[in-house]
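Reader: I would like to learn how to read a ligand site. Could you walk me through one?

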Amino acid sequence: MKIAIIGAGNMGGAIAAGLAKGKIVKSGNIICTARTQKTLDKIKAIDPGIAVTTDNIMAVKEADVVILAVKPWLMENVISGFREHAAPSGKIFVSVAAGITLDQLCTWISPACPSEVCSFRAIPNTAASVLASMTFIASANADAEQIRLVTDIFDEMGCTMYVEERLIPAGTALASCGIAFAMRYIRAASEGGVEIGFRPEEARKIVEYTVKGAAELLLANGGHPEEEIDKVTTAGGITIKGLNEMEHEGFTSAVIKGLKACL
Ligand SMILES: NC(=O)c1ccc[n+]([C@@H]2O[C@H](COP(=O)([O-])OP(=O)(O)OC[C@H]3O[C@@H](n4cnc5c(N)ncnc54)[C@H](OP(=O)(O)O)[C@@H]3O)[C@@H](O)[C@H]2O)c1
């Protein structure tokens, strides 16, 4: 199987890096495209085995799976550049572009027969480069085997959830925007850490490991966050005082409002 990544910038490059580290496809069977050689050089630096080119048509012709990772406003134009070479298909198209629907994708790839285009939307987050992405997938005109294949590809980069297309915007808010929200907590806690006595780099490391530990505890034990909180809150103790102070300042409400503002 060959995989083409059209637009190997931040997200496309992260996917290439994830795939090259994984087992589904050898790096020699990944071909990345970009507009400039500078971007392609960055891909070669990740793994010299990955093929690179500025020629989208050549990449699409060779590939069984075509991952489209250009900016949303360039997608229609980029697809029209290789459309004639996309058929006869059997090819699987996967767009990671925010806001581009499966209907748009199928129509741009085959205006005459959109219902024959096997297409996917996949919304990974930037943790794909360290194989820790939370990725949402939805599909049109795909059979179970094709859904399994695309799920397997993105499972190489972390955790994948197959959803109805209507849930993609909510998934984007929770996981793609969510990674920025988690970062902001890390920054806020680090700044607090400096105020209470640690050097900035120490405070950041402490918070990064604390957040990683919290997520790993929940993932490993399948528990609810409140159960884990109960384990560390002594009656009348300092943890509950800190938590309640944060809630008085609107912590939970601020997070929910922020998520809803992303939709
Ligand atoms: N970043 C995220 O967290 C995230 C999450 C989920 C989804 N996405 C989606 O991922 C897509 C890419 O976002 P990004 O942040 O990775 O943007 P980016 O870093 O700008 O990457 C886009 C790449 O497309 C290339 N490109 C532009 N025109 C091209 C053409 N005609 N043929 C081939 N390649 C072309 C650019 O090449 P040059 O570098 O040579 O100009 C660039 O490397 C977007 O649709 C976005 O919605 C991003």
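Author: Gladly; we will take the pocket and then the ligand's contacts. This is a predicted model, in which local features need pLDDT of at least 70 and side-chain atom pairs count only at pLDDT 80 or more, while totals for chains, interfaces and linings use all residues. Residues are numbered from 1 along each chain as its sequence is written, and side-chain values use heavy atoms, leaving out hydrogens and water.

Reader: Where does the ligand sit?

Author: Rolling a probe the size of a water molecule over the atoms shows where empty space is left. Here the ligand sits in the second largest pocket, whose volume is about 880 Å³. (A pocket is an open set of points on a 1 Å grid over the protein atoms alone where a 1.4 Å probe fits, with protein on both sides within 12 Å along at least five of seven lines; lining residues have an atom within 4 Å of a point. To sit there, more than half of a molecule's atoms must lie within 2 Å of its grid points.)

Reader: Which residues lie nearest the centre of that pocket?

Author: Among the 31 lining residues, those are Gly7, Asn10, Ala69, Val70 and Lys71. The lining divides into 16 nonpolar, 13 polar and two charged residues, with Gly counted as polar.

Reader: And which polar atoms lie by the ligand's oxygen atoms?

Author: A polar contact is a pair of N or O atoms within 3.5 Å. A polar backbone atom of Asn10 is 2.9 Å from a ligand oxygen. For side chains, a polar atom of Thr36 lies 2.5 Å from an oxygen of the ligand, and an N or O atom of Thr39 is also 2.5 Å from one.

Methods
Polar contact = N/O pair within 3.5 Å; in protein donor to acceptor, adjacent residues only side chain to side chain. Points joined across faces, edges and corners; volume = space filled by probe spheres on them.
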